[in-house]
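Here is a short briefing to read alongside your viewer. Please have the sequence and the 3D view open as you go through the points.

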Amino acid sequence: MIDVKLPLRTAYYSLLNGHLVYGGNIIPVSDSVEKLADTSDIYVLLTQQYGTPILTQQSWNSEETMLIDIISRGTRVSKNVTDNIASQIFTLLFPNPQTNALPAQA
């Protein structure tokens with residue numbers, strides 16, 4: 001089996017980084033909280049990633065799961081903020097029901 005975790009995270013990061021906006025501000029995207037400046041009240045983390053092999057005799061296939069956390073912090077946090085960002089992620093990721101928009105990786 002081929003390990004696709006880094007290329008998959010790279011594809012998600014490429015798709016989302018710089019394209020999520022709330023209140024006129026670009027929402028930071030990272031795969032590690034250590035990489036973020038501690039100034040943003042809203043950010044997106046690519047956190048857990050799981051892969052399950054799909055065994056065939058002809059190819060290396062797997063079903064991959066990426067957990068994306070939307071963090072919103074402050075004294076009064078609204079669910080509308082995270083719902084809005086989640087909607088943007090779904091719109092970017094699935095522009096139509098038949099495909100996903102993740103950029104191809106080597």
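In which sense do strand 4 and strand 5 pair, and over how many bridges? The two strands pair in the antiparallel sense, over twelve bridges. Keep in mind that this is a predicted model.

- Three strands make up an open sheet, arranged in the order 3-4-5 with mixed pairing.
- In general, the strands of a sheet pair through backbone hydrogen bonds, in either a parallel or an antiparallel way.
- Strand 4 covers residues 42–55, and a hairpin of four residues links strand 4 to strand 5.
- Two bridge pairs are handy landmarks here: V44 has I70 as its partner in strand 5, while L46 is partnered by I68.

**The helices**
- Helix 1, residues 5–16, lies across strand 3, strand 4 and strand 5.
- The direction of helix 1 is at about 140° to strand 4.
- Helix 2, residues 79–93, lies across strand 4 and strand 5, and runs at about 150° to strand 5.

**The nonpolar core**
- The largest nonpolar core has 15 residues, and the members that touch the most others are L16, L20, V44 and I85.
- Helix 1, strand 4 and helix 2 each contribute at least two residues to this core.
- Leaving aside residues up to four places away in sequence, I85 is in contact with L20, Y22, I27, I42, V44 and I70.
- Two of those contacts of I85, V44 and I70, are also bridge partners of each other.

- The side chain of Q88 reaches the backbone oxygen of V21 at 2.7 Å.
- Again leaving aside residues up to four places away in sequence, Q88 touches H19, L20 and V21.

Terms used: Residues are numbered from 1 along each chain as its sequence is written. This is a predicted model: local features need pLDDT of at least 70, side-chain atom pairs count only at pLDDT 80 or more; totals for chains, interfaces and linings use all residues. Side-chain values use heavy atoms; hydrogens and water are left out. Two strands pair if DSSP finds at least two bridges between them. Contact means heavy atoms within 4.5 Å. Axes are lines fitted to C-alpha atoms, for helices over the stretch in contact, and angles run from 0 to 180 degrees between N-to-C directions. A polar contact is a pair of N or O atoms within 3.5 Å; within protein, one must be able to donate a hydrogen and the other to accept it, and residues adjacent in sequence count only if both atoms are side-chain atoms. A nonpolar core is a set of buried Ala, Val, Leu, Ile, Met, Phe, Trp, Tyr and Cys residues joined through side-chain atoms within 4.5 Å. Buried means under 20% relative accessible area, exposed over 50%, partly exposed in between (1.4 Å probe, protein chains only).
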